[in-house]
Every structure is written in structure tokens, then in C-alpha cells.
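Student: I would like a close look at a single part of this model, namely the place where one chain meets the other. Please take me through it in one connected account.

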Protein chains: 2
Amino acid sequence: MKISPCDLERMPQRYRAHFINSLTGFKSANLLGTISASGVTNLAMISSAFHLGADPALLGFICRPPSVPRHSLINLRETGFFTLNHCHETIFRQAHQTSARYPRTVSEFAATGLTEEYSDTHPAPYVAESRIKLGLKSLEEITIQRNETVLVIGEIVEVLLPEDTLGEDGHVHIELAESLCVSGLDHYHQTHSLGRLPYAKP
Amino acid sequence: MKISPCDLERMPQRYRAHFINSLTGFKSANLLGTISASGVTNLAMISSAFHLGADPALLGFICRPPSVPRHSLINLRETGFFTLNHCHETIFRQAHQTSARYPRTVSEFAATGLTEEYSDTHPAPYVAESRIKLGLKSLEEITIQRNETVLVIGEIVEVLLPEDTLGEDGHVHIELAESLCVSGLDHYHQTHSLGRLPYAKP
């Protein structure tokens, strides 16, 4: 079936959110960990983290328009550091629950029963239950004028991962760590490897 | 195990590319279809497409630094339109093969045996074999100064999809269409649904 611009325009807001969010394909499932200047931790489920470059090691993620209060973004601006923690099957319900609107004084760690973990060398909180965890420094915010979303660019400064997931050539077998993916706003999926393909030549 | 900034610095270039590309989690697997002003089509595998907003219906994807010639980006600038086509198991080897460096005069459709398909209402080529296909208008390019990658922002103007994948609430069951996901540079995965979760409330 074909969905035309008119069909898109006629979609009610919630329907449209489900529809459009499904279209890009599978997305990463990460818990974004931050801490405020006064020491209150925050945890937020995000599915928008994407690779931006290997050297320097950069990634980006999207925050919704500033009209919606985003505690993570406020914390990031205050302290400059964050973590990304892969979700797996045992924690994805708790991870999803972090998307509820808790007041800023409530830590989603406490509210959802996930455990804070700290590295000596990184100020932002990791999720102890997660298996692949990235420590990042916030480098830059770019506001997308068109819809007032904010693209946050971070540099990966440390990585915690199970040794058996790291391949000889540097590839991390994230399926072995049981990392999940998301489709649309609320659909979670496990993966099943079809294998790796060799570097393509004409 | 912990990977420190020093460990990251010491990684050889190719090892580092595999490693860092694996860290954000699972990524979407899309074929980017474009056509040049002189009518040569191009197809490129991309794993960086991400949701940017539902109203207007926006998504973004990343192009590597302009020092590397990117035929897709040149075509986009010439014609203003593109398509994104989900990969599934039957076509992922051909999809991966589009990443080989063909000269600009060669269409990756012909080179990989994938079939061009056109909608009456969209100028860029779709992939006939794909099941979920988006027609987009290029709106804007944002250069990320830090590493000279280019973020292309597109608006979804039409969608072709199998009717049985579209749920009552607008959610598209992309697993039913057998869409795949990617990890790292070259690892392809099928998915297995763990189900949808309800809207979270405190």
C-alpha cells in the first residue's frame, strides 16, 4: 500500500508518532546515565544514538524540543559527562519504565530498581546490570532549527565490556552480550546473527 | 574489561573502525536510492538513518567527509530527492555489495542485480525487492565541523509498505516485513520480537 503526503497529514498525532517512529528501521536501545551538579542521578531510555565517527570516537543522539523539560540535557549541561548502557532482556522493562515522567528530584535508578555503578575515571553513573557501557564526554550541541530538536555530540572516553564479546579485528559481538534493539516507540527485539560479510570490492 | 582513552589511542585504524562502529548498538539497514541529473542511478548501503521527528516527518543520516567522493550526496544535491529501502534476508548480500567503490557511471542497481522501481509521485528510484520503502525530499545539510561528516535531513513524503505490517495504532511491525539490523561495519542480524510495552507512567 502507498501512504501519500495527504495520508500523512490526516494521521492523528499519536498514530503518526507510532507510524513515523517505525520507519527508519531498527534502533539501538541504550540507557543514558547522567548526574546533576547537586548529585541527583538520572536515567533515560534512548533509541536515537548513532555512530558519527571512529577517530575521534564520536556519536550523536537526539533530544526532543526544549519546550519539553529534559532532565538528562540539563544534567549534561551542568556536568559535561554521560554514559550509554546497552539494554538486554533482563532489564528492558525497567529500561522502558525510565521513560515515565518522574520529577527531577527522583532518580530513575531508584524508581526502576536499576543499580548505579561508578568507574574511578568517569563522573557519570553507569548501569551495573548493563553489559556494554560507554563513558562519554559531551562536546557540542547542535539545534536542528526545523523542529527544535537538539543533537548532542559526545566523545567515547572509556568502554566497559565483557572480554569474550571483543573479536580479534576489533568488532564487538553485541549479540553475544544479548543487546536488544527497538522498533517504533515501544517494541523490543532480540537478534539472531546472519553472519558477517567481507569488505565489498567491485 | 575496561578500555581506557590510552587503549583507544593505541588501536590501529581498521581495528578502531570495527570497535567504535560496534558500540552504539544495533543499527538500521537501509539502501539509499538516488539518481543523478543525467539519469544514472545510485544505491548505497547505510546504517546511520535515525528518527528526527514525527511532525513534520523528519529523519537524518550521516555521510562521510567530503574528501571521500560520495555519489549519493552529489546526486542528492543535483536532484533533491532520495529513497530509503529496508533490507531483508533475501537481499542483504546484494545490499552489502553496494558499498564497493564503483565508478560514478556504474549503477549499483545493475552491478548488484537489484531492481529499480519508480512511483508516479517520486523522482528517486526505489528498490523493487525491498518491502518497506520511504520516499524523501532532501531539506538540509548540516556539516559537523568536528570531523567533517555531513548530516542530511530529509522529509518523508511517501511510504510504500505491505498492508499487513501496519498496526491499528500506526505502529509498523517491521519484523513481519523481515527487516534486518546491522552491528559494527559488516554484521547482519534478524530479529525476534519480545513484544511491545505500554506507555510508561510514574
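Tutor: The model is a predicted one, and in it the contact draws on 96 residues from chain A and 96 residues from chain B. Between them the two chains bury about 8800 Å², with 63% of that area on carbon and sulfur atoms. On the side of chain A, the residues that lose the most area to chain B are Phe26(A), Leu194(A) and Leu197(A), which together make up 9% of what that side buries.

As for polar interactions, 50 residue pairs are in polar contact across the interface, counting pairs in which both residues have pLDDT 80 or more, and there are 8 salt bridges between chain A and chain B. One of the salt bridges links Asp55(A) to Arg16(B), whose closest N and O atoms lie 3.4 Å apart. The residues on the side of chain A that touches chain B comprise 45 nonpolar, 32 polar and 19 charged ones.

Turning to the strands, an open sheet of 6 strands runs in the order S2(A)-S12(A)-S13(A)-S13(B)-S12(B)-S2(B), with antiparallel pairing, and its edges are strand S2 (27–28) of chain A and strand S2 (27–28) of chain B, each pairing on one side only. Within chain A, S12 (residues 181–183) and S13 (residues 187–196) run antiparallel and are joined by 3 bridges, with Cys181(A) standing opposite His189(A) of S13(A). Elsewhere, 2 bridges connect S11 (residues 149–160) of chain A with S1 (residues 2–3) of chain B, again antiparallel, and there Val159(A) has Ile3(B) as its bridge partner.

Note on methods
Residues numbered from 1 in each chain as written. Chains lettered and ligands numbered in written order. Predicted model: local features only at pLDDT ≥ 70, side-chain atom pairs only at ≥ 80, totals over all residues. Heavy atoms only, no water. Contact = heavy atoms within 4.5 Å. Buried area = accessible area lost by both parts, 1.4 Å probe. Salt bridge = Lys/Arg side-chain N within 4 Å of Asp/Glu carboxyl O. Polar contact = N/O pair within 3.5 Å; in protein donor to acceptor, adjacent residues only side chain to side chain. Nonpolar A, V, L, I, M, F, W, Y, C, P; charged D, E, K, R; others polar. Pairing = 2+ DSSP bridges. Helix = DSSP H or I, 4+ residues; strand = E, 2+ residues; numbered from the N terminus.
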